[in-house]
Amino acid sequence: KVAPTTLLAGRRLALSPTSSLSFPRYLSTLSSTLRFSDEVKAALEQKKPLVALESTIISHGMPYPANFETAIAVEKVVRDNGATPATIAILDGQIQIGLSQEQIRHLAKMGREAVKASRRDLAVVMAKKQTGATTVSATMLLAHRAGISVFATGGIGGVHRGYEDTMDASADLTELGRTPVAVVCAGVKSILDIGRTLEFLETQGVTVATYGKTTDFPAFFTRTSGFQSMLNIETPKEAADLIAANHAIDLQSGIVIGVPIAKEDAMDDILVGEAINVAVKESIEQGILGKESTPFLLKRVNELTGGNSLKSNIALVKQNASVAAKIAKDLAALNV
Ligand code: PSU
Ligand code: MN
């Protein structure tokens, strides 16, 4: 008879039916707290490459039906590049690692009715049996619990402009400081203060790299931000080696891999800059604060650019998913 197993942080723990009490209690309860899709469960058991995907980008980051179509297309990009996608969300209080197409559609239709769930919201959404879309911070945390160490998204949250008055800095940044997951993204939007965001990440001990030939840190819609990352990474293998080294020393902190948007998808610096300035000004005038701020700015920038920013957004998420899948593949090949 095969002993039941539970998966934790990439390690496979064999639990004999009688000895499970000798493990810390959370280890034995975790496997029932996380519900895995069949596809993700099989990939974890077979140590196949996996890429975690967030769900706030679906509910709060894009309008319906572009959000649904993009989420499905991004999963396909991950599969086409040899990895298994694990879109993460909380449905009626149940954490799901890997969603069905119908579950993705449900979240996409719910939009902002879903709770935008970062780390602080997770226990609340679970206890109240709500439906929550996970931000970068909550997705990183849950991916790590599930044993997935590569995560693809569009952009991470950061230090907001006007931080000196509001103290508004995304929980994504502190999560990156405490959770060893590599986040493949298109950098940080200039709705945020990019310079201060990079300073914050440095303080949190986060390794920040640019994917490509330069260390120019990307600004989401545009290929450069005027700020530099610590290093450039030119191949998926280099990224995999970096992740493996992070794990080997048990750093317990994350990695940002900034992938510049493709030239043909990038936006005009000045046009997008103007839209962002208008959106930020409006958010201040309307007193938009806290977790409402980022969704408000994303929506306004999209409206002000006549939907052009959404097109760039979709293109860059797909590119990030393909890079992340290749990294996950090389990481799985290292067998660490
Ligand atoms: N940036 C985007 N699209 C997004 C987000 C950020 O370009 O959808 C979402 C992500 O889920 C991110 C969250 O984790 O917003 C950050 O929100 P806040 O700034 O409130 O921490
Ligand atoms: Mn915030």
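**Group meeting: a walk through one predicted model**

Okay, let's start with helix H14, residues 308-334: at 1.5 Å a residue its 27 residues should span 39 Å, and its end C-alpha atoms are 40 Å apart, which agrees. The expected span here is 1.5 Å times one less than the number of residues. Helices (H or I, at least four residues) and strands (E, at least two) are DSSP runs, numbered from the N terminus.

Before we go on, some housekeeping. This is a predicted model, so local features need pLDDT of at least 70 and side-chain atom pairs count only at pLDDT 80 or more, while totals for chains, interfaces and linings use all residues. Residues are numbered from 1 along each chain as its sequence is written, chains are lettered from A and ligands numbered from 1 in the order written, and side-chain values use heavy atoms, with hydrogens and water left out.

Back to H14. Leaving out residues up to four places away in sequence, Asn-320 touches several others, among them Ala-152, Cys-185 and Val-259. Contact means heavy atoms within 4.5 Å. Just after H14, Asn-335 takes a positive phi of about 60°.

Now for a contrast: Lys-128 is exposed, at 58%. You'll find Lys-128 in the loop between helix H6 (122-127) and strand S8 (132-134). Asp-92 is 36 residues away along the chain, yet the two C-alpha atoms are separated by 8.2 Å.

Which helix gives the most to the lining of the largest cavity? That's H4, with 5 residues. A cavity is a set of points, on a 1 Å grid over the protein atoms alone, where a 1.4 Å probe fits but cannot get out, and lining residues have an atom within 4 Å of a point. The lining has 15 residues, and Glu-54, Ile-57, Ile-58, Ala-71 and Val-74 lie nearest the centre.

Last, how far do we trust this? pLDDT is the predictor's confidence in each residue, from 0 to 100. The protein's mean is 92, and 91% of its residues reach 70 or more. Confidence is lowest in strand S2 (residues 11-14), at a mean of 44, and highest in strand S13 (residues 255-258), at 99. Over residues 1-28, pLDDT stays under 50.

Key:
1 Å grid on protein atoms, 1.4 Å probe; cavity = no way out; pocket = protein on both sides within 12 Å on 5 of 7 lines; lining within 4 Å. Buried < 20%, exposed > 50% of the residue type's maximum accessible area, 1.4 Å probe, protein only.
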